[in-house]
Amino acid sequence: MSIKFFINGLLDVFFPPLCVFCGCFDEKSLCKNCRKKIEFIGNSCCKLCGYPLNKLNDSAVCDCKVERFSFEKAVSAAVYEGSLKDAIHRFKYYRKKVLAHAFSRLMEECYRNFIKDPVDFIVPVPLFKKKESERGYNQSELLAKNLGKFLGIPVRNFILRIKDTASQTKLGRTERRENVKSAFQYQGPPGMEAKVLIVDDIMTTGATVNECARILKEAGNFKVYVLTLARGVKQD
Ligand SMILES: [Zn+2]
Ligand SMILES: [Zn+2]
């Protein structure tokens, strides 16, 4: 038995691999049962904004084209509902940073399957500094860092949040756009030319990620894609 194997065996005895959702023993950080409860979006989504098509009430097409997004394409791993929604709450508001690893694996699958144009950099949506120090971390940055490691893509903080915006949760589509207006500033190198992936935990109408994409495109020659862990489906 090699030393490495022995040590790994010992580590498994003292720190057995657990599912981060339910706490059961499993080599994967997300067990089969918990995975089954997540509503993955896969291919049946709007090709522009990633909205899951089975969540549209009566129309067969997503109406996002009226939005004129600044990004090329947005994709999300799963619907922001049920057990995933609960887990994201624990991740953001109850300091369960351990969830970032499993979440980023889901995002990695989504990137590999649906972003066919390899990006140069991953850029997390920033938090306002005060909010980040209150929370102790930026959840999107944690996701971005894990994802960057899995994909071998560098993470860059090209965007700074300069306005402490109100929570978007209770706002409608137009109000969300207004709310994030002038909330961000470009802080990357001047005259950049690159393909980037903006990473966030949740996308609903896309107002926040769109404003980030707009800032990037204003500052340099950027091609922008968006990847979020979850997609909120209650729009109005
Ligand atoms: Zn589980
Ligand atoms: Zn759409």
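R231 sits in strand β6, where a strand is a DSSP run of E with at least two residues, a helix is a run of H or I with at least four, and both are numbered from the N terminus. This is a predicted model, so local features need pLDDT of at least 70 and side-chain atom pairs count only at pLDDT 80 or more, while totals for chains, interfaces and linings use all residues. Residues are numbered from 1 along each chain as its sequence is written, chains are lettered from A and ligands numbered from 1 in the order in which they are written, and side-chain values use heavy atoms, with hydrogens and water left out.

Back to R231. Is R231 buried or exposed? With a relative accessible area of 1%, R231 is buried. Buried means under 20% relative accessible area, exposed means over 50%, and partly exposed is in between, with a 1.4 Å probe and protein chains only.

What does the side chain of R231 reach? At 3.1 Å there is the backbone oxygen of T204. That is a polar contact, meaning a pair of N or O atoms within 3.5 Å; within protein, one must be able to donate a hydrogen and the other to accept it, and residues adjacent in sequence count only if both atoms are side-chain atoms. Leaving out residues up to four places away in sequence, R231 touches a list of residues including C49, Y51, V79 and M203. Touching, or contact, means heavy atoms within 4.5 Å.

V79 brings us to the sheet, as R231 is its bridge partner in β6. Two strands pair if DSSP finds at least two bridges between them. The open sheet has four strands, in the order β1-β6-β5-β2, with parallel pairing. Strands β1 (73-79) and β2 (121-124) stand at the edges with a single partner strand each, so one side of each has no neighbour in the sheet. From one strand to the next, the twist averages 25°.

Now the pairs in turn. β1 and β6 (residues 221-231) are joined in the parallel sense over six bridges, and S76 stands opposite T228 in β6. β5 and β6 also run parallel, joined by ten bridges, and here L197 stands opposite Y225 in β6. Between β5 and β6 the chain passes through helix α8 (residues 207-219), and this β-α-β crossover is right-handed. Right-handed means that, with the strands pointing away from the viewer, the path from the first strand over the helix to the second runs clockwise.

How much of β6 is covered? Nine of its eleven residues are buried. One residue in β6 is F222, which counts as buried at 4% relative accessibility. Apart from neighbours within four places in sequence, F222 is in contact with F158, Y186, M192, A194, V196, L216 and K217.

Helix α4 (residues 99-114) lies across β1, β5 (193-203) and β6, at about 130° to β6. For such angles, axes are lines fitted to C-alpha atoms, for helices over the stretch in contact, and angles run from 0 to 180 degrees between N-to-C directions.

The next helix is α6. Helix α6 (residues 139-151) has 13 residues, and at 1.5 Å a residue it should span 18 Å, which agrees with end C-alpha atoms 18 Å apart. The expected span is 1.5 Å times one less than the number of residues. Ten of the 13 residues of α6 are buried, so the helix is largely enclosed by the rest of the structure. What do those buried residues pack against? They pack against α3 (82-93), α4, β2, α5 (129-135), β5 and β6.

E141 lies in α6 and is buried, with a relative accessible area of 15%. Not counting residues up to four places away in sequence, E141 touches P124, E132 and N157. At the start of α6, a side-chain oxygen of N138 comes to within 3.0 Å of the backbone nitrogen of S140. After α6 comes G152, with a positive phi near 70°.

Last, two loop residues. Most residues other than glycine have a negative phi, and most peptide bonds are trans. R95, in the loop between α3 and α4, has a positive phi near 60° and is not a glycine. R95 is exposed, at 54% relative accessible area. S182 is in the loop between α7 (173-180) and β4 (184-186), and its phi is positive too, about 50°, although S182 is not a glycine.
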